[in-house]
Amino acid sequence: MSDDLVPDDLWERIAPLLPPRPPRRHRYPGRLPADDRAALRGIVYVLRKNVSWRDVPAERIGCSGVTAWRRLRDWTEAGVWPRLHEVLLAELRKAGLLDMDDCAIDGSHIRALKRGAHSGPSPVDRARPGSKHHLITDRHGTPLAVTLTGGNRHDVTQLTPLLDAIPRVRGLVGRPRHRPGRLFADRGYDYDKYRRILRARGIKPMIARRGVPHGSGLGKTRWVVERTFAWLHQFKRLRIRYKIRPDLHLGLLQLACSTICLRRLRTSF
């Protein structure tokens, strides 16, 4: 059976990162646990199609949607998704496909149907409950780090957390790279306090000024982060936040970022 949901190159990278299963009991062992690859297939199916977990086609996927959800919960708590992202970033850097000299940062609103942590009244959606995806990318739009906050959080509050969330990217001889050379941002990040923070970290701020007419030219570099948001929201599950637990939504968001990294690796060969 061809596996268009979990191709071999994705499975080969994620399989070593999965936590070991608990040993089966000798007496009354019960049913055999579902295959990990089938569970991942169910997770990716929900991420792409945005169906409820109960509506996952078990015959096609190889396990029930409830089982896939449980593995999503367990693997998220085990930190699988950030490690997968770090592995792929290292491969991109080794292949010369990661350019962190110029990076871009931005945020994007989504609706949060069930409220929960990291949700709040959205200022762009009539104060309905919402969340925000915050993203930093390299020059090509490769996602370096992503965070999730309430819809009423200002973008600039996630500048430092996003920088801290960039993993130490290996892949080349020498020190791992984890710091942009220049950071491009829109007027929402126009605060001298944060410019000083960036300079203290050795990062040159390239932030548009409020009150200055458009035409600075910063958009020629900053547009890549908006394109990456468009890529992320092609995964239909990420367009609206259905989960009360923010860690599970963030886990799906990190898996989508890893998928984008893997696509860039594929197109380079």
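This is a predicted model: local features need pLDDT of at least 70, side-chain atom pairs count only at pLDDT 80 or more; totals for chains, interfaces and linings use all residues.
Strand 3 covers residues 129-137, and nine of its nine residues are buried, so the strand is largely enclosed by the rest of the structure.

**Strand 3 and its partners**

- Strand 2 (residues 120-121) is joined to strand 3 by two bridges, and the two run antiparallel.
- Strand 1 also pairs with strand 3 in the antiparallel sense, here over eight bridges.
- Within strand 4, Thr 149 is the bridge partner of Lys 132.
- Strands 3 and 4 form a hairpin with five residues between them, where Gly 141 takes a positive phi near 90°.
- Both faces of strand 3 are covered. Pro 129, Ser 131, His 133, Leu 135 and Thr 137 are buried on one side, while Gly 130, Lys 132, His 134 and Ile 136 are buried on the other.

**Asp 99, in a loop**

- You will find Asp 99 in the loop that runs between helix 5 (80-94) and strand 1 (102-112).
- Asp 99 counts as buried because its relative accessible area is 18%, under the 20% cut-off.
- A polar atom of the Asp 99 side chain lies 3.1 Å from the backbone nitrogen of Asp 101.
- Further along the sequence, Asp 99 touches Asp 138, Arg 139 and His 140, not counting residues up to four places away. Asp 99 and Arg 139 are 40 residues apart in sequence, yet their C-alpha atoms are 5.7 Å apart in space.

- In soluble globular proteins, nonpolar side chains tend to be buried together.
- The largest nonpolar core here has 71 residues, and those with the most contacts inside it are Ile 43, Trp 81, Ile 136 and Leu 232. Helix 9 (residues 246-268) gives the most to this core, with ten residues.
- Trp 81 is worth a visit of its own. Setting aside neighbours within four places in sequence, the residues in contact with Trp 81 include Ile 14, Leu 40, Ile 43, Leu 72 and Trp 75, as well as Gly 251, Gln 254, Leu 255 and Ser 258.

**Arg 195, a buried arginine**

- Arg 195 sits in helix 7 (residues 192-200).
- With a relative accessibility of 4%, Arg 195 counts as buried.
- The Arg 195 side chain reaches the backbone oxygen of Ile 207 at 3.2 Å.
- Beyond neighbours within four places in sequence, Arg 195 is in contact with Asp 190, Pro 205, Ile 207, Ala 208 and Arg 209.

**The cysteines**

- How many disulfides does the structure hold? The count is zero.
- Cys 103 is in no disulfide, and the nearest cysteine sulfur, that of Cys 261, is 12 Å away. Cys 103 is buried, with a relative accessible area of 1%.
- Cys 257 has its closest cysteine sulfur in Cys 261 too, at 7.0 Å, which is too far for a bond. Cys 257 is also buried, with a relative accessible area of 0%.

Methods: Residues are numbered from 1 along each chain as its sequence is written. Side-chain values use heavy atoms; hydrogens and water are left out. A nonpolar core is a set of buried Ala, Val, Leu, Ile, Met, Phe, Trp, Tyr and Cys residues joined through side-chain atoms within 4.5 Å. Buried means under 20% relative accessible area, exposed over 50%, partly exposed in between (1.4 Å probe, protein chains only). Helices (H or I, at least four residues) and strands (E, at least two) are DSSP runs, numbered from the N terminus. Contact means heavy atoms within 4.5 Å. A polar contact is a pair of N or O atoms within 3.5 Å; within protein, one must be able to donate a hydrogen and the other to accept it, and residues adjacent in sequence count only if both atoms are side-chain atoms. A disulfide is a pair of cysteine sulfur atoms within 2.5 Å. Two strands pair if DSSP finds at least two bridges between them.
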